[in-house]
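Please look over the structure shown below with attention to its aromatic side chains and its surface. The report that goes with it is given in running text with one table.

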Amino acid sequence: MKKEPEATWKGGWRALLGCNEKALAIFRITLGVLLTTELILRYRFLHVFYTDEGTFPTRLLLPQIDTLYRTICIHAYSGSMIYQQVLLTVQVVLAFCLLVGYKTRIVSVVTWFMYLSLTLRNTWLNFILDRYFHYLLFYSMFLPTSNIWSLDQKLARTGTGHKGGATRTNETIVSLATIALKCQVLWIYLDAGLGKYNDPLGGWSLAADPLPALDSYARHTVCARYLYALMTPVGLRYMTPTVVYAEILACPIILLGSYFGSRKVVWSSIVLICSLHFGIALTVRNTFLLSSVACAAWCVFIPPSQEDLGGSQLQSQSQSHSRGTRKVNKGVSSKIAALIVIPMALGSFWFETMSGECNQSMKHIWSTLLHNRWNVFIGAEEYVTWEIAPGRLADDSIVDVWGRKDYVDWDMPGTGAPCTSTARPGRWRSFPYLAELEGEEGEALWSYLCRQWDDENGVNQGNEGRKLLRFNFFMLQADVLPNMGFSATRKRLIHTHDCTKVFGQAEPAATISGVSQPEL
């Protein structure tokens, strides 16, 4: 019996510019899982960052924004906790629908819009993780991500009365959206890699002085300390420049591999860049979701398998005798996509290169909608920081308000070898950097810690001795030194707050550097 020749991936322009259906399905599923996770975790921050009882009530937001901002940001229509919980629950349900591929097109549109609105409600919390979700969800609106492995596909097959096994096919779809998404991933890593390469202090170079970047970052977690011991400072120094070149070259190599039909090249590059993100997740705190979403973007480059190629050939042969058994959804029409995607790309270019200071202010939506820079971790970490907030209670005891502890510890947090951590991870990390807020904004920010302490300690239920009277908020720093060393701790007073005074009667908050702690 004559053996059939093995199907090969021919590559070419379609492979370079397009995405196959299974890759798009994996992209949708991965993005849906991560978005659902992120939104569920966001429940922890609703009260503090999104309600009128929190740190940024709508009465302070609305006077600062324009009409377009007020219209788009539906999360600012009300500051009640119930309203925010309902909106977030809707977002979680929509994210799950995206995951399973139900009503995928409309769900993608509404999900992107609601995530943009959520981000606009409090731009203090707009991190690079939100930028990833913003752009990946945006391009998912135009992509046929539900052609396979989705409820939409199953319902469509049931509606047409089709019976039997699934069609063995994995079409490569080329559209403006697939091209734009691949260009977006290319830009993300070029911007990140070139930012490191052009670091004025040379933190990512072999000749970094005094420490290379990986030496300064690989000390935050238990896994990081094991890596430090395994690689040694010399090994980390030689490894540091490879990160830069991996970021700059990964996407171009994948694109070349796709064009020339080399699955090994494509898969090797995907595994390499995802391993880099996996390493970041293990060695830097609060980066698991960020690293996972970054890996999700690379799903669109996944090449078709050998089985897929064989199935496509079989389907082509069957179509020569009868018309196609499956109508392939190509996504949003090119004309509609062009009317939205091209202005978005041009808008990002305008915002980053030509927009004025007014357009970049938080008064408008452009700083959230069009911001497209990715140059993070561009230098070595010169010092580590953590926070404490010694506070005096009504019973005259001293507690750490920030750490929610009954004692104050000025030492660097962590166990075993020195490491840094924070008592309030996640989106609480933005809190200490808002110290410059003044007036009613500053009062809303800092008085929240007073109310939170009292609520958590039953002050309103008769435990008057636990009432917080006043606190000082400190940012502590220690320089990063060779061989997992840190300098002596120095402290900087960020804010002094009196919980007993009504706004307007309190003395102006002080920001003092290098002074001893004021009396509590």
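What follows describes aromatic pairs, charges over rings and a nonpolar patch in this predicted model.

The count of aromatic pairs comes to 26. One of them joins tyrosine 115 and phenylalanine 133, and this pair is tilted; it links distant parts of the chain, with tyrosine 115 in helix 7 (residues 104–121) and phenylalanine 133 in helix 8 (residues 128–140). Tyrosine 115 counts as buried because its relative accessibility is 2%, under the cut-off of 20%, and phenylalanine 133 is buried as well, with a relative accessible area of 0%. Another pair, tryptophan 402 and phenylalanine 473, is edge-to-face, and it connects the loop between strand 5 (398–400) and helix 18 to strand 6 (residues 468–481).

| Pair | Centre to centre | Angle between planes |
|---|---|---|
| Tyrosine 115 and phenylalanine 133 | 5.4 Å | 50° |
| Tryptophan 402 and phenylalanine 473 | 5.1 Å | 85° |

Tryptophan 402 is buried at 0% relative accessible area, and phenylalanine 473 is likewise buried at 0%; both belong to one aromatic cluster, whose members include Phe45, Trp428 and Trp446.

Charged groups also meet rings: arginine 131 lies over the face of tryptophan 374, at 5.7 Å from the ring centre, while the charged end of arginine 219 sits over the ring of phenylalanine 486, 5.2 Å from its centre.

On the surface, Leu194, Tyr197, Tyr245, Leu249, Ile253 and Val265 form a nonpolar patch with about 540 Å² of accessible area together. Helix 10 (176–197) and helix 12 (222–259) each give two or more residues to this patch, and helix 12 gives the most, with three. Valine 265 is placed in helix 13 (residues 263–283) and counts as partly exposed, at 32% relative accessibility.

How values were computed. Residues numbered from 1 in each chain as written. Predicted model: local features only at pLDDT ≥ 70, side-chain atom pairs only at ≥ 80, totals over all residues. Heavy atoms only, no water. Patch = residues over 30% accessible without salt bridge, like charges linked within 9 Å, V, L, I, M, F, W, Y side chains within 5 Å. Areas by Shrake-Rupley, 256 points an atom, 1.4 Å probe, with all protein chains shown as cover. Salt bridge = Lys/Arg side-chain N within 4 Å of Asp/Glu carboxyl O. Helix = DSSP H or I, 4+ residues; strand = E, 2+ residues; numbered from the N terminus. Buried < 20%, exposed > 50% of the residue type's maximum accessible area, 1.4 Å probe, protein only. Phe/Tyr/Trp six-rings, centres within 6.5 Å; stacked < 30°, edge-to-face > 60°. Lys NZ or Arg CZ within 6 Å of the ring centre and 35° of its normal.
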